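Student: I would like to learn how to read a model like this one. Could we start with the ligand and go on from there?

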Amino acid sequence: MELTGAQILLESLGREGVDVLFGFPGGAVIDIYHQIPNYPNLKHVLVRHEQGAIHMADGYARATGKVGVCLVTSGPGATNTVTGIATAYMDSIPVVIITGQVPTPLIGNDAFQEVDIVGITRPCTKHNYLVKDITKLAKTIKEAFFLAQSGRPGPVLIDLPKDLQQQKCTYSYPKKVSMRGYNPHYDPNVKQVRKVAELLCKSKHPVIYAGGGVISSGASKEVTKLAQTYGVPVTATLMGLGCFPGDDPMWLGMLGMHGTYAANHSISNADLILAVGARFDDRVTGKLSEFATKATMVHIDIDPTSIQKNVHVHVPIVADCRLFMEALNKEMAAIVEEGEGCPPKTKWLEQTAEWKAKHPLKYKPAAKGGMIKPQSVVEALYKITKGDCIIATEVGQNQMWAAQFFNYKKPRTLLTSGGLGTMGYGFPAAIGAQAAFPEKLVIDVAGDGSIQMCIQELATAVCYNLPVKIVILNNGYLGMVRQWQELFYEKNYCNTCMDVAPDFVKLAEAYGAAGFRVTQAKDLEATLKEAFATPKPCIVDVVVDPEENVYPMVPAGKSLTEMILV
Amino acid sequence: MRHILSILVENEPGVLSRVSGLFSGRGFNIETLNVAPTLEEGVSIMTISTTGDEQIIEQIIKQLRKLVTVIKVVDLTEVKNVEREMMLLKVSAEEGKRAEILRIVDVFRCKVVDVGFDELTIEITGTQDKLTALINLMQRFGIKEIARTGAVAMRRSMQ
Ligand SMILES: Cc1ncc(C[n+]2csc(CCOP(=O)(O)OP(=O)(O)O)c2C)c(N)n1
């Protein structure tokens, strides 16, 4: 069958099971767009800015576990995706980005709208391709999808010149991929599994430290089983939230800079840490030299570069987290069977429970008639939804409160830019998730600063009737930066006051969405409920206490136990 | 410590920049770098000498292995190896000095590959130390130019 490059691309996307494409056209992809109507199984979502397209593809991927795909033109379209590509790269999210490129004979000539996107994205993609031979296109697409979702997942970019989109060749889609330089190692070593099981039985103060890898590998069930069966307390990174039920007695809460007292103290006093799919990010460890100094460190990760990078690991394990945890659960069962048992860690659990009770997450409630506390908004969201929704967040205080005051119970229910901390991520990511799950309630917890970074996607949400709910914790500040200025920069609030902002209610209406404003605590729940019942995209602009801060807080460079509490 | 890494890569556009970008992007230092095709079609070999403590070298090697276009990475420092570098060195050689320069060339078993009225170009192959020794000796005559390949290396047959 002879097909053009454009047809080969769309045909292959179909074979990869792609059902939505987030994109924005241009001269360098017009041939692909010309063919889109011929592929009715492929829904195209037209965005308003290419940054929106990549974040949507990313949100779609995080919510579903499938590969998200975006399609943009060359030059300015391609560079507009860079922030989103870096976001997906830092959080190991499988996305495939297809960019148009100027015709091959013009490449390297500073042609109109030419940019070396392969060069620009080399440091922030797992791999990328410039296709120069039409006969290699199908193979390249196959490889790109394989790379994006295997091993440690990540973004893969395919740059496709315009003349290749027009050229024809015989189409056959490869069944298998073989790349001699790429062989991720999945299977855990049997002896090491035994060793970890024995360490866990012997330990008195074990903690599971779970990261995003637990979610992406699908290890949640196994981690939960281990923790509940043997009574091992669990803490997670921001990326790991949802991998363990947030209402379980073994749950310690998030750890790190804005982590809970119980999580940070447990880590600091642990004698055994099982780090599963986490990478010891500096926002998690605090002062490295004082991180978990009493613990034997076991680190399981699919990516060998993550191991021994920041901390010394006693038992390094390169393996798929799910396969490892499965094997570990079996091994533990065998040990119990053998009669050696795994003594309960009663004293330790009493201790962690005491820490939890002593300093739970809290905030000073609003005075009567006073301004709404932002934390109470997140609490209200949890109360109304009972956790049954997908939460996306922007970045800043809103993100931390959304992490702290909502109990995530299932994986893939929190979409947040962890590694890069990208403002403007949440709303388009929420749209991507909503496109995958039209029936679910999808909420973007936003700051008044962040939401203005990709607000134009309201048009996209309205156009495709994707009823995402944006809940703005409107403090009139770039709150998180203001908090740092308050605590560490002599209250010099330089350029963090956003006193000129749009009227978000009118803005929502201008786009054809619904707008609500809440200024009184008594109206909060009713208004949220009304918004959730409205079958349209909505903005709920909640005017909150402008100078509320995120606590606990470990100041940068301090150890996890040196927390500022409320 | 100095390490010599031998890296087998797919011979395709952008490979060099992926490898060098990895070093620059992570703040690792490349001392010398050399690339050329191998016997196998489509495969090139890169030799990189770099310095760093054990942890840094471990990271470099793991990061290199992670690149999709990198087939194999070997730290030659961990095995017995043969290491060579080639250098061209242009030195001032006025009348009265020439004989002495030629004597040194003889002792070092290198060769003169180009002669001018008042300068000589010398080709030398050897270890880094040998090259450095020649540079030190030639300095007093006035070195005009040098060009070096950077180290190439191989595992010795009898380990
Ligand atoms: C694209 C981008 N630019 C700048 C920053 C730095 N930054 C981190 S948090 C923050 C403030 C966010 O303000 P807002 O969205 O209003 O949220 P709040 O902290 O008030 O909840 C800024 C500017 C960032 N993370 N991302």
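Student: Which residues are closest to the ligand?
Tutor: A residue is near a molecule if one of its heavy atoms lies within 4 Å of it. Here 17 residues surround the ligand, and the closest are Gln397(A), Gly421(A), Gly449(A), Ser450(A) and Gly479(A). This is a predicted model: local features need pLDDT of at least 70, side-chain atom pairs count only at pLDDT 80 or more, and totals for chains, interfaces and linings use all residues. Residues are numbered from 1 along each chain as its sequence is written, chains are lettered from A and ligands numbered from 1 in the order in which they are written, and side-chain values use heavy atoms, with hydrogens and water left out.

Student: How do the residues of the shell around the ligand divide?
Tutor: Ala, Val, Leu, Ile, Met, Phe, Trp, Tyr, Cys and Pro count as nonpolar, Asp, Glu, Lys and Arg as charged, and the others, Gly among them, as polar. The shell has 7 nonpolar residues, 9 polar and 1 charged. Helix α20(A) gives the most, with 3 residues.

Student: What lies 2.9 Å from an oxygen atom of the ligand?
Tutor: A polar contact is a pair of N or O atoms within 3.5 Å; within protein, one must be able to donate a hydrogen and the other to accept it, and residues adjacent in sequence count only if both atoms are side-chain atoms. At 2.9 Å from a ligand oxygen there is a backbone N or O atom of Met480(A). A polar backbone atom of Gln397(A) is 2.8 Å from an oxygen atom of the ligand.

Student: Which strands are joined to β20(A) by bridges?
Tutor: Helices (H or I, at least four residues) and strands (E, at least two) are DSSP runs, numbered from the N terminus. Two strands pair if DSSP finds at least two bridges between them. Strand β18 (residues 469-474) of chain A runs parallel to β20(A), with 6 bridges. Strand β19 (residues 514-518) of chain A is also parallel to β20(A), with 5 bridges. Val542(A) is the bridge partner of Leu473(A) and of Val518(A).

Student: Is Glu85(B) buried or exposed?
Tutor: Buried means under 20% relative accessible area, exposed over 50%, partly exposed in between (1.4 Å probe, protein chains only). Glu85(B) counts as buried because its relative accessibility is 3%. Its side chain makes a polar contact with the side chain of Arg148(B) at 2.9 Å, and the side chain of Glu85(B) also reaches the backbone nitrogen of Gly150(B) at 3.1 Å.
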